[in-house]
Structure formats: C-alpha cells, structure tokens
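Here are my notes from going through this one, point by point. Have the structure open while you read.

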Amino acid sequence: MIKEQRPAFIDFEASSLSLITSYPIEVGVCMPDSTLHSWLIAPHALWKDWSESSEEVHGISRTSLITEGKDVTEVAQRLNRLLSGQVFCDAWTFDSFWLYRLFRAANVEPGFHLESISALLSPQQVEQWPSARQKVISNLGLPVHRAANDALILQKTWEYVSA
C-alpha cells in the first residue's frame, strides 16, 4: 500500500450502546500529524438515554456532561473546521449513528465522510489488528474508552499493521 498521506481517525463515547436512543457524549480526533482534539458533548434537550454500565466503562458522568460539555452545534462546527475528506473509525455502525445524531441535533451537515478502518486494511492486516491493537495499548499505556485516546490508538495500530 502506498502511503500518500496519513489519515485522520475519530472515535466516540456514548450514553449507551443502543442504536435507537443513545447519543454521543464525547468525540475525539487524531489528526494525521497525531495532534489530538476532544470534546465532551452536552446532552441535547431531547437526549435522555443513559446507561450506568456504559458510564462505568468510560467514566464520564451525565452531570459532568451538563457542567463541562460543549453545545452540539459548537462541537459539530469544530469537527467541520478540523476535518475534510475521509475520516476513519473502527466501529462504523455505532460511530456513524453517533455522528449523525450529533450533526442532526446541531442542524449542521458534516464536511467530511466517515469510513471504516477496514477500508484501509488488507485481509492480512485485518487478521493482525486485534493483537496489534493490544500491543499498541500496552506500549502507549493510555486508558481506553476515552475518545481522544481511542482515536490515537486507532492511528498507532494502523501504523503498526501498515509497517
């Protein structure tokens, strides 16, 4: 594979794993130069879903979202200023749902296209991915299930399997 440019990666944390009622609570981006950006997202007035078990995984309380989160419009606009073209994620079904929920609530169109990381990988790289990801997590020593960390882990795992 010819590496013309390193891609950008995105990850979301969410209120739950429901593909009906969940919503994004944090978004993290790892830019091609490894610069990280992340925002907690204040719940939109219509977003009521909350899972205690999901909170145990990501460690973000609904109260902290209300007090520290950014408005959905601000987050959508910041993402559009940062990103263009294809942006890659590792859980396309969930991430595309949460991206749609965010931008729909903000009444803003995404200025970029979300794509699965699998589009960048050969069958052999897909096979290597789980063990490579675990090595990267171990090497970086970062907590998982925080959006910026997970976006960086995506980038570093992609680099590992692409080497």
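**Notes on the model**

1. Start with helix α6, residues 147–162. Helices (H or I, at least four residues) and strands (E, at least two) are DSSP runs, numbered from the N terminus. The helix is mostly covered, with 13 of its 16 residues buried; buried means under 20% relative accessible area, exposed over 50%, and partly exposed in between (1.4 Å probe, protein chains only).

2. A word on the source: this is a predicted model, where local features need pLDDT of at least 70 and side-chain atom pairs count only at pLDDT 80 or more, while totals for chains, interfaces and linings use all residues. Residues are numbered from 1 along each chain as its sequence is written, and side-chain values use heavy atoms, with hydrogens and water left out.

3. Have a look at glutamate 13, in strand β1 (residues 8–14). Leaving aside neighbours within four places in sequence, the contacts of glutamate 13 include His58, His145, Arg146 and Asp150; contact means heavy atoms within 4.5 Å.

4. Histidine 145, one of those contacts of glutamate 13, sits in the loop between α5 (123–140) and α6. Histidine 145 has a positive phi of about 65° although it is not a glycine, and with a relative accessible area of 34% it is partly exposed. Asparagine 107 also has a positive phi, near 55°. Asparagine 107 lies in the loop between α4 and β5 and is exposed, at 67% relative accessible area. For background, most residues other than glycine have a negative phi.

5. Now the inside. The largest nonpolar core has 31 residues, and Ile10, Val27, Leu79, Leu83, Leu102 and Phe103 touch the most other members. A nonpolar core is a set of buried Ala, Val, Leu, Ile, Met, Phe, Trp, Tyr and Cys residues joined through side-chain atoms within 4.5 Å. The elements that each supply at least two residues include β1, β2 (24–30), α3 (72–82) and α4, and α4 gives the most, with six. Apart from this core lies another, of 13 residues, among them Phe88, Leu121, Leu154 and Trp158.

6. Which residues does glutamate 109 touch, beyond those up to four places away in sequence? They are Asn80 and Phe103. Glutamate 109 lies in the loop between α4 (92–106) and β5 (112–116) and counts as exposed, at 67% relative accessibility.

7. Finally, the cysteines. A search of the whole structure finds zero disulfides (a disulfide being a pair of cysteine sulfur atoms within 2.5 Å). The sulfur of cysteine 30 is 14 Å from the closest cysteine sulfur, in cysteine 89, which is too far for a bond. Cysteine 30 counts as buried, at 0% relative accessibility, and cysteine 89 is buried with a relative accessible area of 0%.
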